[in-house]
Amino acid sequence: MVNDSIDLVLAGMTERGAARAPLHIALVSGDERMNYATLHAAVLRCVAGLRASGIGKGDRVGYLGLNSIDYVILLQAALRIGAVTVAVNWRLVAREIAYIVNDARISLLVTESERLDAIGDVPMVLLVDRPHQVRLAFRDWIAQFMPDPVVADLGPGDVAVQLYTSGTTGHPKGALLTHGSLTASLSQSRLIGEAWSVWHDSDVSLVAMPQFHIGGTAWTVQTMNAGGTAILLGKPEINDIIDAVELHGVTKMFAVPAVLGMILSDPRSTSADLTSLRALLYGASPIPLDILKRSMALFPNARFVQMYGSTETSGTIVYLPPEDHDVAGNVRMTGCGKPFPQVELRTVDIDGNDLPPGKVGEILVRSPLVMRGYHNLPEATEAAFDGEWYRTGDAGFLDADGYLYLFDRVKDMIVSGAENIYPAEVESALHEHPAVRDCAVIGVPDPRWGEAVKAVVVLVPGAKLDGGALIAFARDRIAGYKVPKSVDFVETLPRNPSGKILKKELRAHYWPQDGRQVG
């Protein structure tokens with residue numbers, strides 16, 4: 001029912017896997033192992049269930065929960081009928097979740113029973129866990145239907161996945177990733193053609209990054225596309241990561257440097273057999289030399305590759321290959337690497353003029369990997385593009401060899417442990433406290449997470465408030481990873497003549513002079 005045209009690469013993954021090697025294990029989650037034949041049959045039953053529920057091309061289906069096989073079934077079924085999958089961040093608090101569910105207009109949501117109070121108004125809700133007195137279990141629901149093998153008429157411009165990123169104005173934005181952009185993302189590993197980048201059906205990949213992130217979803221899809229085996233971890237727990245690599249012979253994994261540091265700190269890591277790993281990709285921040293040196297000893301057969309990208313670019317667009325890694329350190333390791341084959345980069349000044357090598361400016365990207373835009377936000381979409389070029393919001397420079405180096409951010413954003421945090425969202429929550437007159441949220445250096453969230457607060461005259469109380473107040477309103485880790489109280493915040501807070505001036509107190517201003 002499928003072919004290998006660009007519009008059906010995503011929709012036909014499980015069908016191709018079932019045809020090539022029906023008994024090959026596709027997914028492992030806890031004690032459950034599912035082969036490609038069983039997975040494809042479940043996908044086709046889910047297709048029938050979605051269609052019977054009136055869900056079709058362009059409709060939104062949601063998933064709210066830990067990494068699971070059920071998410072993969074729902075995603076693959078939605079891809080076949082042209083529905084759009086919205087994976088919701090389970091780390092968000094109830095009001096944040098409700099906003100996304102309502103903004104996306106999700107028609108059907110698969111979730112965990114413990115999260116039912118956070119979902120708001122959804123026409124149809126199914127559960128991934130135990131039977132519920134009102135809600136039906138997802139697997140029981142799809143078992144009622146006969147397999148439906150028909151694939152919708154799909155094109156590269158059709159939206160496949162809608163993933164939410166933190167919002168610059170207080171609300172998250174739904175990035176629209178298409179069948180074309182995700183297919184282009186998948187093809188880059190083949191186009192690179194380097195040993196570490198090529199995927200085989202014998203590969204065993206570890207999906208520890210959350211599937212509500214592009215990293216988790218793209219890593220899962222990349223494994224399915226190759227006909228490999230994906231080991232799904234509900235959460236990136238260090239013990240589980242070590243167990244998975246040793247028990248399942250993981251050959252490929254993605255991790256942020258902070259996670260690698262925690263693996264190294266775990267006493268079990270020195271006795272575990274981790275020799276199966278062939279490619280270890282990392283991102284969100286450069287790897288400290290000490291972490292790299294010790295990780296290379298811990299994973300002796302792994303090639304290390306740094307990654308740079310975003311949700312809006314369907315994941316990675318720039319990579320630092322293994323040959324540019326050196327345990328003694330080198331200049332290239334302070335940057336991000338070189339662009340993927342189908343990625344063009346420019347750096348421009350404030351007026352949009354191209355800059356020569358070595359000059360810092362905003363980084364622009366032109367590539368088929370770039371999103372179509374933001375869901376129902378035409379102004380935000382227009383602001384994100386300069387013609388065909390996507391504005392990353394990152395400031396950096398290109399060297400004479402085309403390697404990219406980050407220096408700062410044009411967008412007001414913090415990256416902490418691979419999570420993107422927009423200060424406006426945090427500031428909005430802090431302003432709800434009656435004692436807060438003014439505040440600014442910035443990222444400061446953190447040895448574990450790259451950056452940590454800091455609030456700089458001006459109190460209402462006469463008000464009394466300590467940092468711990470304000471942090472607790474914020475924790476009830478926004479996800480834990482967005483909550484400030486520290487609070488400084490000041491008399492006034494620096495502003496320019498138009499009233500804009502000078503965050504660069506605030507950050508200067510915490511970051512090294514004349515160095516990178518990002519973690």
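Student: How much space lies in the second largest pocket, and what makes it a pocket?

Tutor: About 570 Å³ of space lies in the second largest pocket of this predicted model. On a 1 Å grid over the protein atoms alone, a pocket is an open set of points with protein on both sides within 12 Å along at least five of seven lines, while a cavity is a set where a 1.4 Å probe fits but cannot get out. Grid points are joined across faces, edges and corners, and the volume is the space filled by probe spheres set on the points. The pocket has 27 lining residues, and R91, P236, M262, G417 and W449 are the closest to its centre. Lining residues have an atom within 4 Å of a point.

Student: Which element gives the most to the lining of that second largest pocket?

Tutor: β26 does, with three residues. At least two residues each come from α8, β12, α9 and β26 (450–459). Such helices (H or I, at least four residues) and strands (E, at least two) are DSSP runs, numbered from the N terminus.

Student: How many cavities does a search of the whole structure find?

Tutor: Two cavities of 30 Å³ or more are found. The second largest cavity holds about 40 Å³ of space, and its lining includes Y63, W90 and F212.

Student: What is the basis for these values, and how do you know how far to trust the model?

Tutor: Residues are numbered from 1 along each chain as its sequence is written, and side-chain values use heavy atoms, with hydrogens and water left out. This is a predicted model in which local features need pLDDT of at least 70 and side-chain atom pairs count only at pLDDT 80 or more, whereas totals for chains, interfaces and linings use all residues. pLDDT is the predictor's confidence in each residue, from 0 to 100. The protein has a mean pLDDT of 90, and 94% of its residues reach 70 or more. Over residues 1–6, pLDDT stays under 50.

Student: Why is A218 called partly exposed?

Tutor: Buried means under 20% relative accessible area, exposed over 50%, and partly exposed in between (1.4 Å probe, protein chains only). A218 has 25% relative accessibility, so it counts as partly exposed. A218 is in helix α7 (residues 214–226).

Student: Why is strand β9 described as largely enclosed?

Tutor: Six of the six residues of β9 (residues 173–178) are buried, so the strand is largely enclosed by the rest of the structure. K173, A175 and L177 point one way, and G174, L176 and T178 the other.

Student: Which strands pair with β9?

Tutor: Two strands pair if DSSP finds at least two bridges between them. Strand β8 (residues 159–165) and β9 have six bridges, in the antiparallel sense. Strand β19 (residues 373–374) and β9 have two, also antiparallel, with L176 opposite G373.

Student: How do you know that the buried residues of α8 lie on the same side?

Tutor: The buried residues of helix α8 (residues 238–248) are I238, I241, I242, A244 and V245. They cover an arc of only 160 degrees around the axis, which puts them on the same side of α8. The arc is that of the directions from the helix axis to the C-beta atoms.

Student: What makes β2 and β16 edge strands?

Tutor: The open sheet has nine strands in the order β2-β1-β11-β10-β12-β13-β14-β15-β16, with mixed pairing. β2 (32–35) and β16 (338–339) each pair on one side only, and they are the edge strands.

Notes:
Contact means heavy atoms within 4.5 Å.
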